[in-house]
Amino acid sequence: MAVAVRRVLRASRSWRAALGGQERWRAETLRLICTTTAVQKRNVPASGPEKYTEAFIKKQIEEFNLGKRHLANMMGEDPETFTQEDIDKAIAYLFPSGLFEKRARPVMKHPNDIFPKQRAMQWGEDHRPFHFLFYTGKQSFYSLMHEIYGKMLDIQKYQDQLKAQDLDEKKQINLIGSRWLIKEELEEMLVEKLSDHDYSLCIRLLERLVTLPCCGIEEEYVLKFRKELDTQLKKVVIEPLQYDDQGVAFSTGEGKRKTSRATVIVYDNGNGKITVNGIDYLHYFPVIQDREQLMFPFQFLGRLGKHNMVCTVLGGGSSSQAGAIRLASARALCSFVTENEAEFMRQAGLLTYDPRNKERKKPGQEGARRKFTWKKR
Amino acid sequence: MAAARLLRAVAPRFRGLESLGKAAPRTSQLSSRLYGTLLAPEANPPADPNAINEKLITEPLKHSDFFNVKELFSLKDLFDARVHLGHKEGCRHRFMEPYIFGCRLEQDIIDLDQTVKHLQLALNFTAHVAYRKGIILFVSRNRQFGHLVEVTAKDCGEYAHTRYWQGGLLTNAHVQYGSGIRLPDLIIFISTLNNVFEPHVAVRDAAKMNIPTVGVVDTNCNPSIITYPIPGNDDSPLAVELYCKLFKMTITRAKNKRKQMEVLYGLQNKAESG
């Protein structure tokens, strides 16, 4: 660095003499700032992505394990039973970061998770490649296709054997509840880039394999390429019935709609009396539409005159309060009713929260959707 | 005879291949690829450990059929595998006319006497290449036999390419694979054409990179650039299975012979020194 600066200054001696006094030091400082080490290195070709050697990764793993033990000692925990979750918590505690991007925060993970998986050397000392499909360029992908096709031929041979013995068995693979791996997951599995066309060919071949009658013999191989779908079984927790002093069963429910919040207690052995905020429902909801909303859950289950209801509702207007009470009473009624009927209620939409809210007004428009009057000229 | 002459011309390159432990041979291998076999530098004067290598390499060249490939097949086997059946008269390639015996009901019949001679030469050549631990690449773009060819290559311990041929696999190898790559020393074509009935790109690329080729040429193929053409049918399953079986047997035979010779010369050397 200093050498470069000296070179530059020596070259500019004549130029400096020509300049006036004040401008001289400003120009010199400008010169000093501009000369960097980047200027010295010329004709160096751009290097590709860093290749991590096995020795390097091994060293990183050793350092990680050592660091894990140190961290455990620092936090006062047992080094033997220090899991990754404990590490994450400890790092978040010791290095609190206000950054919004989670991936920019300090992280301490096993080197296999941080350094991308790379291929080991493809050929040995005599320079002969290890894999028999090396010269195709995409060895893992084509060897996968080769394997799958081989499995298909095996299945066909097995089918022919069965037919020769006059047996007629069919073993299909159960594909319900799972999906094929996506392209990124397959790329990760093969440690090789795939094109969309290649991926679609692979999936088509697997589909073809699965359509064969006796594909059950290769079931565990095919399941390697299937991933379980996230089972979102919405098991709503159904509260058990509670009993008050007189032995009457009752149940509570909460409901929301727009800005209204309602809490409802539904009593058994009733005559259909409904009290809202201490007022009878006929007086509280003069509009028939709101009263119909209150009625709907009971009418759906056929229990119109059999329950009493005591509700408290706050916020919103009449319609939204009615909707909130409807949701709350439907939820309360789940405790009185069998699971099948509860499923019917869910499919009818009685147990779903209505997410509709007032849409915000946008700038440049009069309302949420209404635009200003358009004038041609 | 022609085979032995060809091998002697090619020998300097293989000699460079043999002494791979030293730095010089890699450059000699590259230079021989780029500038032709004649410019390959002379091998080092045989020191004691290399004397065995010299004997190992020169011994097979003194016999015309060292690996006895003639016994692997007969004309009757070729006939039974329907190797003599060519395509229709309209598909005939002009350069295949010397190899065609005649035409019957508009279907060309390939001359099996010539096929026998060409097949013996080709098998002898592959055996010599395999004996010297060369890399052999099987190429075929016929989708019906792709799996079979790959399985054959795997069983021999050699390499196969039955998929879409990317442009620079041979000619742009250092960019495609990385530096320090060793290209195939022999390419065997089970079918010379690709799926649109044009000559396979690898035929031309191998000629450009000075890699000898062995290929089964049917009546609609161009045999001119292929080093050891084998006129014969490339569409029947029986014929292709026969070719795969023959190549596999020659390669395994050559490799076993190599191991035997190494053991033999090793013992001889010990007996002499001891």
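A: This is a predicted model. To begin with strands: two of them pair if DSSP finds at least two bridges between them.

Q: What makes E4 and E5 of chain B a pair?
A: The cut-off is at least two bridges. Three bridges join strand E4 (residues 136–139) of chain B to E5(B), so the two strands count as paired, and they run parallel. Within this pair, Leu137(B) stands opposite Tyr159(B) in E5(B).

Q: Why are strands E5 and E8 of chain B called edge strands?
A: The open sheet has the order E5-E4-E6-E7-E8 in chain B, with parallel pairing. Strand E5 (159–161) and strand E8 (228–231) each pair on one side only.

Q: Why is the pair of Trp123(A) and Phe134(A) called edge-to-face?
A: Rings pair if their centres lie within 6.5 Å, and planes over 60 degrees apart count as edge-to-face. Here the centres are 5.9 Å apart and the planes stand at 80 degrees, so the pair is edge-to-face. Ring pairs also link Trp123(A) and Phe134(A) with Tyr135(A), Tyr159(B) and Tyr177(B) into a cluster.

Q: How do you know whether Trp123(A) and Phe134(A) are buried or exposed?
A: Buried means under 20% relative accessible area. Trp123(A) has 12%, so Trp123(A) is buried. Phe134(A) has 6%, so Phe134(A) is buried as well.

Q: What makes Arg226(A) a charge over the ring of Trp180(A)?
A: The distance cut-off is within 6 Å of the ring centre. The charged end of Arg226(A) sits over the ring of Trp180(A), 4.5 Å from its centre.

Conventions. Residues numbered from 1 in each chain as written. Chains lettered and ligands numbered in written order. Predicted model: local features only at pLDDT ≥ 70, side-chain atom pairs only at ≥ 80, totals over all residues. Heavy atoms only, no water. Helix = DSSP H or I, 4+ residues; strand = E, 2+ residues; numbered from the N terminus. Phe/Tyr/Trp six-rings, centres within 6.5 Å; stacked < 30°, edge-to-face > 60°. Buried < 20%, exposed > 50% of the residue type's maximum accessible area, 1.4 Å probe, protein only. Lys NZ or Arg CZ within 6 Å of the ring centre and 35° of its normal.
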